[in-house]
Amino acid sequence: MKYKHFGVMLDCSRNAVPKVSTVKKLIDVLQVMGYNTLELYTEDTFEITDEPYFGYLRGRYTGAEIREMDEYAKAQGIELIPCVQTLAHFTNPVKLPRFAEITDIDDILLIDDEKTYAFIERIFATLAENFTSRNVHIGMDEAHHVGLGKYLDKHGASNRFEILNRHLGRVISIAEKYGFAAHMWSDMFFRLAAEGDYYGHDVQLPAEVMKNLPSNISLAYWDYYHTEESHYDAMISLHKKFNRDIWFAGGAWTWSGFAPQTRFTYATMQPALKSVRKNKIENVLITLWGDNGGECPPFTVLNALYAIRRYADGEYDHGVIAAEFQKLFGVAFEDFDLLALPDIPATSHAPDALINPCKALLYSDPFLGIYDGTTIVRQAEIPYGEYAKKLSKAKLRAGEYAYLFDTSEKLCKLLEKKAYLGVQTREAYQCGDRGAIERVIGEYAEAEKRLESFFQAFDTQWNTVNKPFGFEVHCARLGGLQRRLLYCRRRLEGYLAGTIQRIDELGEKILPRDPNAPDMLFLNDYRRLISTSEL
C-alpha cells in the first residue's frame, strides 16, 4: 500500500524543545526507515512577529531555525509540516496576562472575538514565512469546556457544535488566505455528541454537524489505547461518515515518564496498522508526546518506530523486523526494548499492561507514600538491580545512543534503593525495630548518592537532545526529592537519638490510591504523585 503521508509528530511543547541538530538527526533516521513526513507540535514554542510573550522563556524556535530545519528536511525527502493549536492547549501562554483577553476558560481561546482571530492570523503569517509545506495541523482537540467560560458570560448558553463549527470556519478561512490545507483532531465532534466520550462506537453524530463541517478540512483520528483491530475498524467507519480525508494518528509511547511504554506500543499499533491497511487510510502519523516534562527522548523508541513502519507494510514478524533494524542502525532491536525496563514488573502483569511505576516510585514521598499501598510496591516486584546490570551491558553496545542507556541504568540503580524506601521505613518504625531503622537510614544515604548520579546522567541526556529551557522544572523536582530524602533521614536520626519523640507521618495507615483498582499504577502527573497537599 502506498501512503501519501507516513510520518512522526514530535512534541516540542512539553518543556522539552529538541535542538535543531536533534530534529535533523530524527529526519535522517525517519528517511532511512521509510517515513516521509515530520510534524513539529509547537503550542507556543515558535517565534511570532509582534508577540514577544508567545513562547517567552520557553526555548521557542526562531524563524531562522525553522527555515534551517525545513530546508534540511526537504533535501532528505521529508515534508516538514507545522502543527499548532488554534483553540485549546494554550497551557502556558494563558499563564501570562497578555493572553487573558482572548482566553475563554482553562487553556481555550475565546471564540467569536476579533482579537482571537487577529492572533491566529499572526500564527499563520509566521508559518507561511518559515515553512515550505502548505499542509498544516490546526489541533483543536480536548477543548472540553469550550463556550463555558468568558464566552458564556458574553453570549449566554449556546449550541457548542455551532460555535465550534463557526470557529473552525474562521480558522480555515485564515489558513486558506496563506495557502494552507488543514487537518485537525476529530475528538471534539465526538465528545460533544457523546458526553465527553471519544471512542464510543454507537455515537450518533448530528447530521447538521457533518453537513456544516468545512469541505476543505481533513480529520485526524487519534488513538493510542486499544488492542483490538475491530475497534479501529469501527472508529474509522465512523470517520468515513464525514466524507472527508482521514488521517490516523497512533502513538509510540514516550509520554508516561522516564521510560517508553514499548510493549504497549506494539500491542496497540500492530492492530491499528492492520486496520489502516484494510481501510486504505493514506495519511498516518505516529505521535511522540512528552506529557508532564518531556522526560523520555524520541530516540528511546527508535526500534518501535521502525516496527510500526514495517507493520504498515504488512510485516508483523518481530524476528524479521529486528534483523532489519540491526542491519540499518548497528544496534540490536532487543537492546532498545531494554529502555522500557524501569516500568516493567517481573511478574503479575500482562505484557501489554499500561503501567508506569518508575515515575511514581521515584517521586513517592518516603514518609507519605501515596502509592505504597499498591501491590506493585508492597510485593517489591521490580528487580531494579538486575535491570541496571542489563542496561549497563547494553550501553556498551549502543554506540551513539549510549547516553539513553546510561540514564536508564542510573535510574534503575537509584530505584533499587528508592522504590521501596517508604514501605521499609514505615514497617521499621511501626515495629519499633531500632536496628531496622538504622539500616533504613543507610539506605537513605545511599539513595541520595545515587540520585546525584542519576541527575548528572539525566542532565547529560537532556542537553544532548534538547535546548536548556524546561530543565529548570527537573531541577526543582529532583532537587526537591534530594532535599526530602535528606530531611527524612535526619528525622529518623533524630528519632533514634531521642531528640524527636515520634514521627507522626509514619503512624498513618496508607490506603489504596484507588479502592476500585488497588493493583494498578499509571499516573504521570508530578503534582499528584508526591503529595495530597496543594503545590
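The model is predicted, so local features need pLDDT of at least 70 and side-chain atom pairs count only at pLDDT 80 or more, while totals for chains, interfaces and linings use all residues. Residues are numbered from 1 along each chain as its sequence is written, and side-chain values use heavy atoms, with hydrogens and water left out.

**Exercise 1.** Describe the largest pocket and its lining.

*Step 1.* Start with the terms: on a 1 Å grid over the protein atoms alone, a pocket is an open set of points where a 1.4 Å probe fits, with protein on both sides within 12 Å along at least five of seven lines, and lining residues have an atom within 4 Å of a point. A volume is the space filled by probe spheres set on the points, which are joined across faces, edges and corners.

*Step 2.* The largest pocket holds about 1500 Å³ of space. Its lining has 49 residues, and R14, T91, D291, N292 and G293 are the closest to its centre.

*Step 3.* Sort the lining by class: 22 residues are nonpolar, 13 polar and 14 charged. Here Ala, Val, Leu, Ile, Met, Phe, Trp, Tyr, Cys and Pro count as nonpolar, Asp, Glu, Lys and Arg as charged, and the others, Gly among them, as polar.

*Step 4.* α19 (471–497) and α20 (526–530) each supply at least two lining residues, and α19 gives the largest share, 4 residues.

**Exercise 2.** Do likewise for the second largest pocket.

*Step 1.* About 260 Å³ of space lies in this pocket.

*Step 2.* Its lining includes L368, G369 and I370, as well as E508, K509, I510 and L511. By class, the lining has 5 nonpolar, 4 polar and 2 charged residues.

**Exercise 3.** Is K467 buried or exposed, and what does its side chain meet?

*Step 1.* Find K467 in the loop between α18 (434–465) and α19.

*Step 2.* K467 is buried because its relative accessible area is 12%; buried means under 20%, exposed over 50% and partly exposed in between, with a 1.4 Å probe and protein chains only.

*Step 3.* The K467 side chain makes a polar contact with the E65 side chain at 2.9 Å. Such a contact is a pair of N or O atoms within 3.5 Å; within protein, one must be able to donate a hydrogen and the other to accept it, and residues adjacent in sequence count only if both atoms are side-chain atoms.
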